[in-house]
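Please read the following report alongside the sequence and the coordinates shown here.

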Amino acid sequence: MGRLSATVLPPPKPAPAETAATGMAGAALPVVHEPAVPFVEIEAVRAKEFVPAAKEALTALLAEQGQQKLIRPVFNWAGRNSLFPLHWGLACCAIEFAAAFGARWDAERFGVVPRSSPRQCDLMIVNGTVTWKVAHKLVTLYEQMPEPKWVIAMGNCATGGGPFRTAYSVVPGVDKLVPVDVYIAGCPPRPEAMLDGILQLEKLIHERKE
Amino acid sequence: MSEMWINMGPQHPMTHGLWNLRVQIDGELVRAVDPEMGYLHRGIEKISEDRHYNEVITLMDRCCYVAGMAWEHLYILGAEAALQVRPPERADYLRVLCDEFQRLGSHLMWYAAFVQDLGLMSPFLYGMRDRDLVLDLFQSFTGARMTYEYMRVGGVRNDLPPGFADRSRKVLDWLDDRFREYDALCLGSTIFRKRCDGLGVLKGPEAIAHGVTGPMLRAAGVKRDLRKDRPYSAYDRVDFDVALADSADVTGRYLVRMEEMRQSVRILRQVLDWLDHHPGPVVADRLPRWLGAPYAPVGAEGYLLKRNYPKGLGLSAIEEPHGEALSYVVNDGGEHPYRVKFRSPVFANLSAASTYLVGYHVADIPPIMGSVDVCVGEVDR
Amino acid sequence: MQPQDLQRALAPKLGERLLGVEPFAGTAGRVRFERTAALETFRAMRDDLGFAHCAMVGGIDWVETREVLYVLWSDGARQYALLSTTVPANDAHVETASGVWPSANWHEREAWEMVDITFDHHPDLRHLLMPDGYAFHPLLRSFKLHEPEELEVKVRHV
Amino acid sequence: MSTVTLYSVSYDLAHDLLFLLGWILHYGPAAAAVENPNVVTGLGVLIFAAILLAASMLNTIVLIWYERKLLGRFMDRRGAMHVGYAGLLQNFADGLKLFRKHTTQPAEADHVGFYFGPTAYMVSSLVIFGILPISTGWNSGALPLSLLLALVVFSFAPLFIFVSAWSSNNKYSLMGGLRSAAQMIAYEVPLLLAVVAVVVVAGSFSLTTIVYEQQNYWFWGPLVVALVVFVAAMLAEMERIPFDLPEAEAELVEGWNTEYGGMLFAFFMLADYLRALVGSILIVLLFLGGWTMPGWVPSAATSFPLAGIFWFMLKTYLVFGLFVWVRASLPRVRTDQLLRVGWNRLIPLSLLSVFLAAALVSVRCLPVFGCVPSPGG
């Protein structure tokens, strides 16, 4: 099981540049550490060492193939059909986020159930303006979520700062802090747009090969 | 386990927004609280200084996202006072219409959030469902669900579409029925009364000293409603009662908000009748020429100087769904406001948090804060 | 209540330090006073004139000077009144109003961090909206906003 | 039909399997070994356990789906509907996803407790299913004290919750764990006293006997006070609204499972619903006649194979539907109120129910309800 879970890690996302706002003195932002990519290195010097090394590589290859054909589609199906977003509200988009779980749109139809604890989430919907003051908390929450995990930047503020991009306290886009998978346009996006973003993410997960 | 501090927020189901309530607890009892704000500080007052008067409206919608219309109204009144512009009468009525629909929307949102804090699951969905009906009406004449950008200095952007009055009346009738259902679900439940009676008590004098306004103050029996005391727009021409309760607790705030929704329905019926019979312009015809323009016309500064456009200070106060909101607009004759300062009702209501939270249980914090109706956008601005 | 009423009630208490009461649209008037008379003005407004509710305290930066603005409400008169005092920018401090109106507490914290006006004897003058240690005062006119592209993003390698 | 039981089926299955194996091996000590009756019994027990496990897990997953759909309907929406037919596969997707998730352990959490808590919670909830009889056939044999054993295992849970809450080193978890312990201890007493009323009337601690005693009349009529107490206490034991304080989302984030993710969280989730299932099953067994059918059911239908299981599951799901209804319409109580209700109201009520039961039995007044006197009474 340990082997399995190690190989279905998501693709190593580009490490976000560690930034520091010029407008905010003394704010040391945390770094998002990307997990080390495991790899097998074969150093066949002597036959005695070659045999176990080759055997290991072959086993790994077979496991990889088996995973590609059988296990990955199942887990991809499970992963895309049960996305638990983090239950939190940043700003205006949070109201539309809540409306999407209301009676009219009912995001639970797609298996989307918000959980309050980041440990139980696999999707962080950044629904609103991210300020430098909350940036640390956001990164902490992201790091508390277990792999595999995804981020949706909902609305213009999370995408690029929106109407507040010039403000001294606003992060111009949450992708400066955490890797973002899906961007949803709108200020705020309608609940339909949010659901569409989630469906786009499901498509991404469905096509996941790594 | 003796006393310890816990952080409720910024990511916590109780907060309904982005703020942090630091609570010192002794077992399950609250000993001290310290709200920590600013997680959503977006510098709206600063950005406003770089924008034209009409462009600030964009920010106002996002300032308080559950009561965007009310904040537009607030800012517009301040800006009109500073620029010495008068809107036509129909615009006044349209603004009252927007305000009251917004009050319905905001209070329905409050209802949804508040009952969720008590652990009631279904009414949350009911509140959101009925709020969507109000938002549909907004959408039919502003094109947006939450961020409307509808009001303008000197009036409103456009008139109502045909058939709006009938649709609104249908929604109002539906809501009238639903209020009975809400009351049955909440007041009819013994557990609700046991939870909420005598909870989060904030008596009148203390509330006034701490600057608490709105439903929280009226639940303490203080009859202060700026719509009556200092009528703005068309509020002096409509008939309504001020919702009051005297228990000063969570139940009282619930009763006040429910009654306010009923009064809103009453006001809206009158306003819709008036609008049916009084067509007319919705924007004042004599406006500074640059007000409607997205960019300052070439040589605007010289133009203004030549015209010697009046400088001015504007103070406006409205009864926002959360309470008394103020705006102070300084017009130094330029095309941008020199300074815009807002007073958020929730800001003051939250600053008094220790008066109504200390001494209760940890489990009481969510319903009490739910009854305060926190909208962090307008607190942090 | 008219500006003359305010003048009549405040003049004996403040004397020279009352700089004038001007009419202000929609309110009882705008009282301008010397900052040395702050506490007396607050007490007179609350106790003698019944302005029990301090709705707002705000600061305005007029480059050389800074103005502190108080908006008060009287439940008896059903009217607002404005208080205003001007302090020099290089020595911007004024007595706190939070002893008279507890509601002024947070407003003054905000005015301190935004417009850099120090409130003497304030019980808890620390950052409210910005993080602790924030060194700037954003609502000063000298603080300019930038498009994010203009910001220099510093990448620190660990 | 009555001779076919779950155990006999699994024993026969084991016997046939091993006979086949012996036939393949044909001769020698290997064939003798596999045809050893001890081996057959052992394999039979294993198959029996596997069937029990599969049935209980399947039921739990269907129960979660049932609750989500029912809750959705109460809330004027649809619930899960896009994964499988009407969302039936939704919970399988959730389970697989949680299975794949990395298990994270907080830096300063206690390693042993962090893993032991949820596992033991899950296992203890599963064990009860080996004890509960579902029908005449689906019966773990004549354990004389099966009711007592089931309740004992059922009441282990607060200990494990507390262990996992404490070891996750989170203040919310700790508060949730403390609340859970206080609540379960407070409600254990009325629960057991209500059960005593049933035992007094039935005259036995064996669940099978209790159900047989209800062949003529169900106990909910004569023991209505005990039923009320039992349902209330069971709601608290299952930690469902209005008594879901340990997981009170509004103030304690996710309660004692705040720090748990991945499979450990799935354990908690499954065990919660397993306990809900156990609670519903116990109510059906003790008060609603177990697998006995109402009088209006034609006798031809009663002898239908699996009719007992059908009726049992129907009753169980209806009882659970009642719990879902309660969840959809009631707010949450506060800790002190909960404890006050438990100690001040439910315990006197449960004592009253015991006295009532004793009185009923001693004066033989049960025929008042249109029933015949119990032979055990």
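## The hairpin

In this predicted model, strand 3 and strand 4 of chain C form a hairpin with 2 residues between them, and C:Val63 in the turn has a positive phi of about 65°. Strands here are DSSP runs of E with at least two residues, helices are runs of H or I with at least four, and both are numbered from the N terminus.

An open sheet of 5 strands in chain C has the order 1-2-5-4-3, with mixed pairing. Strand 1 (18-22) and strand 3 (53-62) of chain C stand at the edges, each with a single partner strand, so one side of each is left without a neighbour in the sheet.

Strand 2 (residues 30-33) and strand 5 (residues 79-88) of chain C run parallel and are joined by 3 bridges; C:Val31 has C:Leu83 as its bridge partner in strand 5 of chain C.

## Burial of strand 3

Strand 3 of chain C is mostly covered, with 9 of its 10 residues buried; a residue is buried if 20 or more other C-beta atoms, placed from the backbone, lie within 10 Å of its own.

## Conventions

Residues are numbered from 1 along each chain as its sequence is written, while chains are lettered from A and ligands numbered from 1 in the order in which they are written. Because the model is predicted, local features need pLDDT of at least 70 and side-chain atom pairs count only at pLDDT 80 or more, whereas totals for chains, interfaces and linings use all residues.

Key
Pairing = 2+ DSSP bridges. Buried ≥ 20, exposed ≤ 12 C-beta atoms within 10 Å, placed from the backbone.
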